[in-house]
Amino acid sequence: MPKRTISRELLNILACPVCKKDLKLKKNELICTGCSNRYPIVDGIPYLLPPELMPEKYRRGKRARSRR
Ligand SMILES: [Zn+2]
C-alpha cells in the first residue's frame, strides 16, 4: 500500500482556513498550529475546510452520527 502524503512545498503554501496559521503534518492529517483544528488528507488531497463544513465522515467528533 503506497503511502500518499503531501509534499513539503505544498505544506508550505497551505494555511489554516480558520485562523490562517501554519499547518503541521502528522501522519495523514494536517494540524493547525494556531487553533488545533485537524484536517484530513485523503488520497493526497488535504481537506482544508472549517470544521462546520467538513463532511461528516472526515470529522473526528466524539459522536459520529450515522443516518439511516
Ligand atoms: Zn487554525
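Leaving out residues up to four places away in sequence, Cys-16 touches Lys-21, Leu-23, Cys-32, Gly-34, Cys-35 and Asn-37. The structure described here is a predicted model. In soluble globular proteins, nonpolar side chains tend to be buried together. Of the 68 residues of the protein, 9% count as buried.

The protein has 1 helix and 4 strands, and along the sequence these elements follow the pattern α-β-β-β-β. The 4 strands form an open sheet in the order 1-2-3-4, with antiparallel pairing. Strand 1 and strand 4 (45-46) stand at the edges with a single partner strand each, so one side of each is left without a neighbour in the sheet. Strands of a sheet pair through backbone hydrogen bonds, either parallel or antiparallel.

| Hairpin | Bridges | Residues between the strands | Turn residue with positive phi |
|---|---|---|---|
| Strand 1 and strand 2 | 4 bridges | 2 residues | Lys-27, about 50 degrees |
| Strand 2 and strand 3 | 3 bridges | 5 residues | Ser-36, about 65 degrees |

Strand 1 covers residues 23-26 and runs antiparallel to strand 2. Within this pairing, Leu-25 stands opposite Leu-30 of strand 2. Strand 3 spans residues 38-42 and is likewise paired with strand 2 in the antiparallel sense. Here the bridge partner of Glu-29 is Pro-40 in strand 3.

Which residues make up the covered face of strand 2, and which the uncovered one? In this strand, residues 29-32, the covered face consists of Leu-30 and Cys-32, whereas Glu-29 and Ile-31 form the uncovered face.

The C-alpha atoms of Arg-38 and Leu-49 are separated by 9.4 Å, with the two residues 11 residues apart along the chain.

Leu-49 is also one of the contacts of Met-54, a residue in the segment after strand 4. When neighbours within four places in sequence are left aside, Met-54 is in contact with Tyr-47, Leu-49 and Arg-59. Is Met-54 buried, partly exposed or exposed? Met-54 counts as partly exposed because it has 18 C-beta neighbours inside 10 Å. Met-54 and Pro-40 are 14 residues apart in sequence, and their C-alpha atoms are 9.6 Å apart in space.

For the protein as a whole, among contacts between residues at least 6 apart in sequence, 21% join residues at least 24 apart.

Key: Residues are numbered from 1 along each chain as its sequence is written. This is a predicted model: local features need pLDDT of at least 70, side-chain atom pairs count only at pLDDT 80 or more; totals for chains, interfaces and linings use all residues. A residue is buried if 20 or more other C-beta atoms lie within 10 Å of its own, exposed if 12 or fewer, and partly exposed in between; C-beta atoms are placed from the backbone. Two strands pair if DSSP finds at least two bridges between them. Two residues are in contact if their C-beta atoms, placed from the backbone, lie within 7 Å.
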